[in-house]
Amino acid sequence: MNRTIPLILAVALFMENMDSTVIATSLPAIAIDIHTSPIALKLALTAYLVSLAIFIPISGWMADRFGAKNVFRAAIAVFIVGSVACAVSGSLPAFVVSRFLQGIGGAMMTPVGRLVLVRATPKSELVAAMSWLTVPALVGPLVGPPIGGFITTYFTWHWIFLINVPIGLIGIWLATRFLPETEPTQNPPLDFIGFVLSGLAASGVVFGLSVVSLPYLPPIVGIITVAVGLLSGALYLLHARRAKNPLLALELFRNQVFRSAVLGGSLFRIGIGAVPFLLPLMFQIGFGLTPFQSGMITFVSAVGAIGVKFITALIFRVAGFRRVLVVGALVAAASIAIYGLFTPDTPYLLMLAMLLIGGFIRSMFFTGVNALAYAEVSAEDTSKATPIAAVFQQLSIALGVAVAGGVLEVSTSINDRSLTLADFHTAFFVVAAISAAASLSFMRLAPDAGNAVSGHGRLSTPKTLETVSPPGN
């Protein structure tokens with residue numbers, strides 16, 4: 001497999017994924033400099049998520065209209081501009097707007113990067129390619145907090161955003177030099193009504209869940225916003241049935257393989273969204289560790305996520321998608337539940353081992369889910385499948401944080417006390433149970449589902465599926 005393409009895309013996506021979490025550690029320092037409170041500054045975190053929710057649905061249409069390679073490079077450029085704007089912001093409104101601008105770039109980078117990879121990779125090699133692209137999504141949230149704390153402590157918070165400039169410029173050069181050319185296609189006019197309704201639906205749910213789980217605004221605001229989002233989603237469903245060319249092609253859900261990959265993966269991501277939120281808090285509040293100490297412990301999960309990419313393709317080729325995803329969902333959910341058994345008396349080596357195994361299993365699982373989503377999608381429909389998968393991913397991760405935060409809130413309210421270690425244990429058990437339910441979605445798959453992608457059932461990979469490099473590459 002040509003690893004150049006997935007590695008270039010992975011670098012850009014790592015920059016985005018790490019940036020979205022590294023800021024959390026630096027909120028107090030940023031708040032002091034721009035004369036606001038850390039609580040109010042969390043609006044900047046929400047602004048980024050809302051921007052993603054609004055613009056991800058349009059990413060597939062943009063890629064078809066202007067060329068996936070062109071849009072990917074433009075997305076990196078927008079992300080760089082937003083990063084510089086964040087670094088020079090001197091007020092809360094300016095910082096929030098800058099984060100929203102960053103989110104526009106991030107909304108295009110992730111789904112369009114995945115689209116470039118799918119179109120440039122033969123299906124027989126897609127699992128191996130996806131294993132490289134999955135790493136940033138798992139590593140970023142884990143390494144972000146310790147890196148953010150280090151930069152803020154020994155330099156200034158401005159460098160959290162300024163380091164994106166050289167990384168982004170290198171990414172643009174590498175994309176220009178090595179990514180295959182993708183010509184624009186004559187796609188239908190933009191479904192503007194669908195864009196508005198899908199944007200309101202996704203951003204309403206994401207913003208509302210963020211407010212409910214991290215209550216820096218009255219919870220009623222979050223409840224109303226979620227209700228508006230759900231209503232907009234229902235209106236979009238009605239619109240999509242009547243529109244000739246809807247923005248999000250929901251007819252793809254008629255395919256059992258695509259439906260299982262998206263819905264099953266979303267259920268499991270609820271647990272994944274909760275883990276980076278719960279673990280650092282448990283280590284700091286329940287164990288009394290410093291932010292840097294907790295970050296160095298959670299970093300082990302990132303090591304496991306990176307290490308599994310070397311054998312993921314072999315695992316799916318030997319066992320097939322159905323078997324690996326059913327078992328993988330249960331084992332990975334169990335690894336999350338085990339975190340609910342950690343106490344200050346648990347040997348650190350044992351905790352590190354469990355975190356390492358958990359990162360290993362979750363990385364393998366997501367590589368498979370991401371590849372399976374395209375297993376039975378035609379080349380013409382990849383630009384339609386990509387934004388749908390990306391929207392569900394963002395919603396499920398936001399829901400994971402909301403569920404975890406909600407469990408903590410309910411637990412402390414019932415017991416009428418502040419947070420304790422027992423509350424975190426309960427939260428881990430709840431999100432683990434939700435993640436385990438993902439296995440039910442994969443049990444419905446046929447035994448040979450996705451074999452064209454995994455290579456399961458074949459003695460060797462057919463040589464007829466090799467891609468032809470475009471002229472000049």
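Visitor: At roughly what angle do the axes of helix α13 and helix α14 cross?
Guide: In this predicted model, the axes of α13 (residues 312-319) and α14 (residues 321-339) cross at roughly 115° and come within 7 Å. Axes are lines fitted to C-alpha atoms, for helices over the stretch in contact, and angles run from 0 to 180 degrees between N-to-C directions. Local features need pLDDT of at least 70, side-chain atom pairs count only at pLDDT 80 or more, and totals for chains, interfaces and linings use all residues. Residues are numbered from 1 along each chain, and side-chain values use heavy atoms, without hydrogens and water.

Visitor: Why are α13 and α14 called roughly perpendicular?
Guide: Angles of 65 to 115 degrees count as roughly perpendicular; the crossing is at roughly 115°, and α13 and α14 are therefore described in that way.

Visitor: Which residues of α13 and α14 meet?
Guide: With contact meaning heavy atoms within 4.5 Å, I315, F316 and A319 in α13 meet F321, R323, V324 and L325 in α14.

Visitor: What makes a space a cavity, and how many are there of 30 Å³ or more?
Guide: On a 1 Å grid over the protein atoms alone, a cavity is a set of points where a 1.4 Å probe fits but cannot get out.

Visitor: Which helix gives the most to the lining of the largest cavity?
Guide: Lining residues have an atom within 4 Å of a point. Helix α11 gives the most, with four residues; the lining includes R114, S266 and Y374.

Notes
Helix = DSSP H or I, 4+ residues; strand = E, 2+ residues; numbered from the N terminus. Parallel < 35°, antiparallel > 145°, perpendicular 65-115°, else oblique. 1 Å grid on protein atoms, 1.4 Å probe; cavity = no way out; pocket = protein on both sides within 12 Å on 5 of 7 lines; lining within 4 Å.
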